[in-house]
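Biologist: I have a new structure open and would like to go through it with you. Could we begin with the surface and then turn to the side-chain pairs?

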Amino acid sequence: MKHRDFIWLLFFCCQVVTAQDKPSSKDSTRVYQEIEEYSNKNKLTKFVHKLLFKPTRAKKRAQKTQKKRYLIQKSFDEYEGKIIRNINIETLDPFGYSIDDENRKPETGAERFGNSLHAKTKKLTIRNILLIKKNAPLDSLVAKESERLIRRQRYTRSVIIKPVPIPNSTDSVDISVRVLDSWSLVPKGSISSSKVRLGFADRNFFGLGHQLQMDYTELFADKHNAYNVIYTIPSVRNTYINTTFLYNKDLGDNTVKSVKIERVFFSPFTRFAGGVLFENRFLKDSLPDLNNNFSTQNFNSKVQSYWFGHAFTIFKGKSEDYRTSNFVTTLGFTNVSFSESPTKIYDPTNFISSEKLYLASLGINTRKYAEDKYLFSYGIIEDVPLGKVYSITGGFQDKNNQWRNYFSGRFAYSDYYRFGYLGLDFEWGSFFNNGKTEETVFRIDGNYFTNLLSLGNWKIRQFIKPKLVLGNNRAPTIEDRVNFSDEIGFSGINSPLIHGTNKLAMAFQTQTYAPGNWYGFHFNPFFNMTFGLLGNETDSFFNDKLYSKFSLGLLINNNYFTFESFQISFSYYPSIPFEATNAFKTASFRNTDIALPDFQIGQPTIVPYN
């Protein structure tokens with residue numbers, strides 16, 4: 001397979017969406033007409049409308065071609081705007097209960113025993129997540145968003161929020177919030193001839209929603225050990241201020257200590273965001289000199305980072321399309337100081353050195369979510385992001401006694417189409433020094449999956465994840481190169497000598513969802529193919545070496561527990577440079593490589609080069 005054909009395949013996957021029409025619901029035309037009429041009142045809103053929405057003149061798709069989604073429709077129309085008198089919260093243990101059937105109770109001793117060991121989520125924990133408030137008018141969009149925010153918590157499996165009528169009341173309503181927990185405590189451990197690893201993760205510490213993760217590793221030979229401790233407080237009194245404390249020491253005595261306090265734009269209705277980060281990092285890594293002779297170098301750095309953002313709606317009105325479209329501005333400052341860094345022999349351009357970075361971003365985004373099933377979990381509702389982002393970032397960098405300007409732009413979008421779900425994210429960024437571009441990067445990240453197909457009792461989806469990264473005028477150091485170390489599909493190809501300035505990677509995964517389960521565990525077979533190309537500035541855009549991997553495996557998940565799905569696979573590598581040819585490997589890893597896009601405009605950052 002020639003890399004030219006591979007590039008055309010990526011180009012086709014990125015462009016096929018332009019030939020399709022977006023599906024619409026019965027009342028979408030009316031909603032868009034309202035937006036169009038309002039936007040035509042002035043030039044600015046008219047321009048923004050063209051960016052975010054398609055014209056209502058677009059041809060409507062036939063009913064038979066509309067995307068069939070697993071949506072739960074809840075009618076709040078009768079109670080919209082009524083004052084919320086009480087919010088009644090009920091949390092359920094993970095075993096034996098049903099989110100829909102209030103009469104269902106644990107029937108077996110095993111279910112009752114499992115529940116007795118579980119710290120059920122406290123009502124206060126759920127109340128701190130809700131966006132709806134007591135003594136405030138009922139807003140159906142905010143209620144739906146509260147459902148999504150509860151559902152995305154690692155310790156919950158399902159949630160239903162519904163209005164409850166009050167007898168003889170015409171202006172008030174009660175709200176019922178019913179939440180089904182997942183088992184939150186997950187022990188971890190492994191043992192081999194050389195080391196032992198023990199640990200646990202609790203995603204709902206004492207029912208408070210706090211997260212505690214602890215890991216300990218020890219080598220048998222020299223008793224050398226490693227620690228990892230992470231404690232996260234996701235929200236303080238309904239503020240959505242997330243605080244994370246981290247301490248990590250690995251077997252090579254590399255350490256990371258950090259405190260991060262942050263409130264992101266967690267919802268389209270969020271108006272203020274910001275955060276601070278304090279981090280100290282010490283590590284040893286091997287770097288090559290000009291003759292590719294490697295030597296261990298010390299890195300000792302401190303990081304201080306601050307940012308603040310504000311979002312406000314572009315259009316006035318009550319429809320979802322109005323209220324989920326925002327103009328966002330953010331400001332950020334980052335100070336990185338190195339007390340130890342590589343010597344000139346191994347870092348001749350001082351690429352790894354202290355710096356101060358001042359950035360600001362502004363942009364327009366629209367964020368909505370569709371409810372689907374059979375993606376990364378089995379048979380439960382998952383929230384799929386839909387939206388668009390137009391943003392630019394600019395600022396200055398003070399590094400090595402030199403000031404450089406920085407500018408970047410981003411365009412991202414995703415939606416359901418007749419052929420499935422497609423999300424694409426385009427980013428370009430560069431430093432400017434005396435009119436010349438430096439450390440330029442252009443990247444495209446994509447996500448695609450088909451509509452859910454059925455084969456008897458089995459269900460099938462095809463996932464495709466392309467990535468293109470192009471670098472220009474990058475620093476002459478191995479630290480400023482791309483490789484496959486961050487591509488989970490290429491976990492077996494991780495030599496530091498395999499790198500370049502350009503990278504093209506594409507993963508294909510045919511995922512099946514098998515009927516039945518074993519004590520709640522679902523074992524879903526998959527087939528994966530991953531391909532990659534590297535190139536550099538001196539040789540060719542992409543060289544003729546095609547890296548590839550073919551895998552058969554199982555996606556394993558259990559909706560009763562909070563851990564992510566993980567994969568066990570048996571893989572064939574036609575070639576692993578500097579190691580072997582026609583190699584076979586077994587591997588297990590968490591299934592996070594096909595993550596869905598995010599349409600936040602958050603802390604202003606440099607376009608990542610990886």
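This is a predicted model: local features need pLDDT of at least 70, side-chain atom pairs count only at pLDDT 80 or more; totals for chains, interfaces and linings use all residues.

Biologist: What percentage of the residues is buried?

Modeller: Of the 610 residues in the protein, 49% are buried.

Biologist: And how many helices and strands are there?

Modeller: The secondary structure comes to seven helices and 24 strands. Among contacts with a separation of 6 or more, 61% are between residues 24 or more positions apart.

Biologist: Let us turn to aromatics. How many aromatic pairs are found?

Modeller: A search of the whole structure finds 34 aromatic pairs. One of them joins Tyr358 and Trp403, whose ring centres are 6.0 Å apart with planes at 15 degrees, so the pair is stacked.

Biologist: Where do Tyr358 and Trp403 lie?

Modeller: Tyr358 is in strand S13 (residues 355-372) and Trp403 is in strand S15, so the pair ties together parts that are 45 residues apart in sequence. Tyr358 itself counts as partly exposed, at 32% relative accessibility.

Biologist: What about Trp518 and Tyr519: stacked or edge-to-face?

Modeller: Edge-to-face, because their planes are at 90 degrees, with the ring centres 5.1 Å apart. Trp518 and Tyr519 are both exposed.

Biologist: Which residues do ring pairs link into a cluster?

Modeller: Phe376, Tyr416, Tyr421, Phe449 and Phe463 are linked in this way.

Biologist: Which charged residues lie over the rings of Tyr374 and Tyr547?

Modeller: Lys459 lies over the face of Tyr374, at 5.5 Å from the ring centre. For Tyr547, the charged end of Lys545 sits over the ring, 5.8 Å from its centre.

Biologist: Now to salt bridges. How many does the structure hold?

Modeller: There are 21 salt bridges in the structure. Among them, Arg148 and Glu145 meet through their side chains at 2.6 Å, N to O.

Biologist: Are Arg148 and Glu145 buried or exposed, and where are they?

Modeller: Arg148 and Glu145 are both buried. Both belong to helix H6 (residues 140-151), three residues apart, which is about one turn of the helix.

Biologist: Which residue does Arg151 meet in a salt bridge?

Modeller: Arg151 meets Asp383, at 2.8 Å from N to O. Arg151 lies in helix H6 and Asp383 in strand S14 (residues 382-399), so this pair ties together parts that are 232 residues apart in sequence. Both Arg151 and Asp383 are buried.

Biologist: One last pair. What is the N to O distance between Asp215 and Arg197?

Modeller: Their side chains meet in a salt bridge at 3.2 Å. Asp215 is in strand S6 (residues 210-219) and Arg197 in strand S5 (residues 195-205), so the pair ties together parts that are 18 residues apart in sequence. Asp215 is buried, with a relative accessible area of 10%, whereas Arg197 is partly exposed, at 31%.

Technical notes. Residues are numbered from 1 along each chain as its sequence is written. Side-chain values use heavy atoms; hydrogens and water are left out. Helices (H or I, at least four residues) and strands (E, at least two) are DSSP runs, numbered from the N terminus. Buried means under 20% relative accessible area, exposed over 50%, partly exposed in between (1.4 Å probe, protein chains only). Contact means heavy atoms within 4.5 Å. Rings of Phe, Tyr and Trp (its six-membered ring) pair if their centres lie within 6.5 Å; planes under 30 degrees apart count as stacked, over 60 as edge-to-face and the rest as tilted. A charge sits over a ring if NZ of Lys or CZ of Arg is within 6 Å of the ring centre and within 35 degrees of the ring normal. A salt bridge is a side-chain nitrogen of Lys or Arg within 4 Å of a carboxyl oxygen of Asp or Glu.
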